[in-house]
Amino acid sequence: MPSKSPAQHRLMEAAAHTKGGYGGVPQKVGKEFAKADKGKKFKGGGLYENINAKRERISEGSGEKMRRVGSKGAPTASDFKESAKTAKLKDGGVSLTVGRGEKLSTKEGAGLTQKGRDKYNRETGSNLKAPQPQGGARKDSFCARMSGVQGPMKDEKGNPTRKAAALARWKC
């Protein structure tokens, strides 16, 4: 049975690619859900998407009304600010380049530099941290997830891909 929401889908994907499972979901169950969901597109219900859907229902005569600004249940200014961060990502995400020193080339081990992590965190509200190649839970999680990513370890010229370089940098 496929998962029903984008959040459930992400949880099951994480469980499928993490040794021992994730979020209370055993790895075996995560793999079954991920297999059932393979090839399906999951549409998130963001703030603007929800507002537009409600406007459409109202225009079709649902009898609903839009809430007034500041009323209980209406989106707040901070809701709109958070929504704007994720809207940027839908248009291709944060632009990071090797030339500006925001990420490393594949020869240098791929991945983001501190400058790149700072920019990404600032623009998305995330909390990316530096790699943890010496070991620990983050290393185990990264290695399990990244090892499951599809794609070649070498390009057509025989050079390591970004995936291979990242796995090597984390000592997976």
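I looked up Arg 100 and found it partly exposed, with a relative accessible area of 40% (buried is under 20% relative accessible area, exposed over 50%, partly exposed in between, with a 1.4 Å probe and protein chains only). The model is predicted: local features need pLDDT of at least 70, side-chain atom pairs count only at pLDDT 80 or more, and totals for chains, interfaces and linings use all residues. Residues are numbered from 1 along each chain as its sequence is written, and side-chain values use heavy atoms, with hydrogens and water left out.

**Salt bridges**

I searched for salt bridges (a side-chain nitrogen of Lys or Arg within 4 Å of a carboxyl oxygen of Asp or Glu) and the structure holds three. Arg 100 meets Glu 102 in one of them, at 3.2 Å from N to O. Glu 102 is buried, at 4% relative accessible area. I then found Glu 102 in a salt bridge with Lys 119, with 3.4 Å between the closest N and O atoms. This pair links distant parts of the chain, 17 residues apart: Glu 102 is in the loop between α4 (77-90) and α5 (114-124), and Lys 119 is in helix α5. Helices here are DSSP runs (H or I, at least four residues), numbered from the N terminus. Lys 119 is buried, as is Glu 102. I noted Arg 100, Glu 102 and Lys 119 as a network of salt bridges.

Glu 64 pairs with Arg 57 in a salt bridge, the closest N and O atoms being 2.8 Å apart. Glu 64 is partly exposed at 30%, and Arg 57 is partly exposed at 37%.

**Aromatic pair and core**

I searched the whole structure for aromatic pairs (ring centres of Phe, Tyr and Trp, the last by its six-membered ring, within 6.5 Å; planes under 30 degrees apart are stacked, over 60 edge-to-face, the rest tilted) and found one. Phe 142 and Trp 170 are stacked, 4.3 Å centre to centre with 15° between the planes. Phe 142 sits in helix α6 (residues 137-147) and Trp 170 in the segment after α7 (162-169), 28 residues apart. Phe 142 is buried at 14% relative accessibility, and Trp 170 is buried at 10%.

**Lys 139**

I checked Lys 139, which lies in helix α6. Lys 139 is buried but has no salt bridge; Asp 140, the nearest side chain of opposite charge, is 6.2 Å away (Lys and Arg count as positive, Asp and Glu as negative; His and the chain ends are not counted).

Definitions and conventions
Helix = DSSP H or I, 4+ residues; strand = E, 2+ residues; numbered from the N terminus.
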